[in-house]
Every structure is written in structure tokens, then in C-alpha cells.
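Here is a short briefing on one protein structure. Take a look at the sequence and the fold, then work through the points below.

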Amino acid sequence: MYRLKRKNMVSRLAIMGITNESVLKVMESVPRHLFVPMGLEHQAYDEKALPIGFEQTISHPYTVALMSQAINVEYGQKILEIGTGSGYQTAILCELGAQVFTIERISQIGKNAAKRLSSMKYHFVARIGNGALGWQTYAPFDSIIVTAGAPVIPENLFNQLSMNGKLIIPIGGKEGQILTLYTKHENGYKKIELESLKFVPFIGI
Ligand code: SAH
């Protein structure tokens with residue numbers, strides 16, 4: 001049953017404009033219903049965010065697809081994810097072949113996600129803390145993906161990007177943000193505004 005739901009979800013994502021074959025392929029294989037609270041499994045493949053406790057949500061399938069596509073993950077790349085949440089985006093990045101480092105500020109959410117991902121045999125490095133600081137120990141990163149809406153870009157994140165590295169972050173207030181992609185160059189950054197979306201707020205800046 002979930003297999004068919006996943007297939008339908010991926011067809012919908014393609015219609016919505018997701019073209020990256022690897023992203024579509026891994027989203028067809030990862031069991032998203034295992035990342036939502038018990039009782040909500042039947043809604044896991046709908047195009048919506050679902051509550052995961054502590055006023056946080058698992059992102060829409062389209063949001064995860066769009067962000068994963070935008071950073072163009074290559075095998076072996078080091079990726080920092082800020083806002084582990086359910087761990088679904090973490091799993092997608094792992095499936096795309098990345099080495100994933102993920103930070104979550106709410107201890108219980110981070111622990112639940114780490115437990116879930118480990119039981120599914122994913123390899124990743126996780127920590128509880130404020131992602132605004134980045135993760136200097138493992139920097140630089142090929143990409144940094146921020147899954148909560150921030151009013152401004154935490155400066156540390158730019159500093160922890162490798163040359164040609166990408167930072168994807170929803171910028172804006174609580175009412176809505178613009179998903180923005182920055183690519184680091186020798187003398188600055190290229191900035192592309194992708195879409196208006198609504199994320200839960202980034203806390204700590
Ligand atoms: N991609 C995740 C999104 C979860 S929602 C998913 O699909 O499940 C965003 C998460 O970011 C929340 O769990 C929230 O607690 C976390 N968050 C917000 N501000 C943060 C910060 N400064 N550092 C780390 N995590 C943060």
C-alpha cells in the first residue's frame with residue numbers, strides 16, 4: 001500500500017517540477033510513513049507538513065525534494081543539515097550518497113530521529129545544539145541545508161562552506177520565507193531565490 005502511495009507521491013513531485021532523477025528515485029524508496037507519529041502514517045505521502053511534537057513538523061515532500069535537488073548532491077559530499085526534525089531529509093541525503101552531519105536544537109526530537117535513522121541502518125553524525133553556530137569540527141561542508149525559516153543568515157554558516165559550496169536556507173519572518181540558494185565563489189556569493197514557502201521558525205539567532 002505504501003509503495004503505491006510513494007509512487008504516486010513521486011509522480012506528483014515530477015509534475016510539480018522536480019526533475020532530478022536521483023532525488024525522485026530515493027524518494028520512491030525511503031519509507032516516509034516511518035518518520036511520522038503513529039496514527040498519521042496514512043497521511044505521510046500527502047503534500048503536507050505533519051506535526052512531529054514540540055510544535056515542529058516534518059517538511060512537505062515537495063520541500064524536501066526541492067532542497068535536495070537544489071544542492072545537487074554528489075556521492076561522498078559532506079553535508080551539514082540544520083534542523084534534523086523527523087530525520088526524513090537526513091535519510092534522503094544519506095540515500096543520495098552524502099556524509100551527513102545533522103544538528104537539532106530540541107533534544108527529544110533529535111534523539112528520536114537518531115534512534116529511528118540508526119534502526120534503519122543509516123550512517124550519519126548527529127548532535128543536539130544550536131545550528132546557528134554550524135559545526136566547525138567537520139567544516140568545510142560541500143552544502144549546508146537549513147530546514148527552518150531564519151530572519152537572517154547566520155554568519156558562521158557561510159564561513160563553514162567549501163569553495164563552490166551551496167547553502168540553502170529559507171529567509172524571512174514567521175509568516176513565510178523565500179527559499180534561497182547561495183553558492184560560494186572566490187569573491188563572494190551567487191544568490192538565487194527559489195520559491196516562497198513556509199517553514200517553522202529557526203530559533204537562536
Ligand atoms: N527536514 C525536517 C524539518 C523539521 S522542522 C523534517 O522534514 O523533518 C525544523 C527543525 O529545525 C525543528 O525540529 C526545529 O526544532 C529545528 N531547529 C530550529 N531552529 C534550530 C536551530 N537553531 N538549530 C538546530 N535546529 C533548529
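In this predicted model, strands β7 and β8 run antiparallel and are joined by six bridges. The two form a hairpin, with five residues between them. Both belong to an open sheet of seven strands.

**The β7–β8 hairpin**

- Glycine 172 sits in the turn of this hairpin and has a positive phi of about 150°.
- Which residue of β8 is the bridge partner of leucine 167? The partner is tyrosine 182.
- Isoleucine 169 also faces β8, where threonine 180 stands opposite.
- Is β8 mostly covered or mostly open? Mostly covered: seven of its nine residues are buried.

**Neighbours of the hairpin**

- On the β8 side comes β9, and these two strands run antiparallel.
- Nine bridges hold the pairing of β8 with β9.
- A hairpin links β8 to β9 too, through two residues.
- Within this pair, leucine 179 stands opposite glutamate 195 of β9.
- β7 also pairs with β6, and here the strands run parallel.
- Four bridges join β6 to β7.
- Leucine 167 of β7 has isoleucine 144 opposite.

- β3 (residues 78–82) and β4 (residues 99–104) run parallel, joined by five bridges.

- α3 lies across β6 (141–146), β7 (161–171), β8 (177–185) and β9.
- Its direction is at about 165° to β9.
- α4 lies across β3, β4 and β6.
- The angle between α4 and β4 is about 170°.

**Helix α1**

- α1 covers residues 2–15, which makes 14 residues.
- From first C-alpha to last, α1 reaches 20 Å, close to the 20 Å expected at 1.5 Å a residue.
- Which residues of α1 are buried? Arg6, Met9, Val10 and Leu13 are buried.
- Why do these four share a side of α1? They cover an arc of only 95° around the axis, so they lie on the same side of α1.
- As a general rule, an α-helix has 3.6 residues a turn, so residues three or four places apart point the same way.
- Leu4 and Ile15 are on the other side of α1, and they are exposed.
- The buried residues of α1 pack against α2 (21–29), α3 (61–70) and α4 (88–95).
- Just after α1, glycine 17 takes a positive phi of about 115°.

**Nonpolar cores**

- How many residues are in the largest nonpolar core? The count is 45.
- Leu13, Ile18, Met27, Ile71, Tyr88, Ile92 and Ile168 have the most contacts inside this core.
- At least two core residues come from each of α1, α2, β1 (50–53), α3, α4, α5 (107–119) and β8.
- α3 gives the largest share of this core, six residues.
- Isoleucine 18 touches Leu13, Val23, Leu24, Tyr62, Ala65, Leu66 and Gln69, not counting residues up to four places away in sequence.

**A loop residue**

- Where does glutamate 55 lie? Glutamate 55 is in the loop between β1 and β2 (56–58).
- Is glutamate 55 buried or exposed? Its relative accessible area is 76%, so glutamate 55 is exposed, since exposed means over 50%.
- Glutamate 55 and valine 200 are 145 residues apart along the chain.
- Their C-alpha atoms are separated by 8.4 Å.

Terms used
Residues numbered from 1 in each chain as written. Predicted model: local features only at pLDDT ≥ 70, side-chain atom pairs only at ≥ 80, totals over all residues. Heavy atoms only, no water. Expected span 1.5 Å × (residues − 1). Buried < 20%, exposed > 50% of the residue type's maximum accessible area, 1.4 Å probe, protein only. Arc of directions from axis to C-beta. Contact = heavy atoms within 4.5 Å. Pairing = 2+ DSSP bridges. Axes fitted to C-alpha atoms, helices over the stretch in contact; angles between N-to-C directions. Core = buried A, V, L, I, M, F, W, Y, C linked by side-chain atoms within 4.5 Å.
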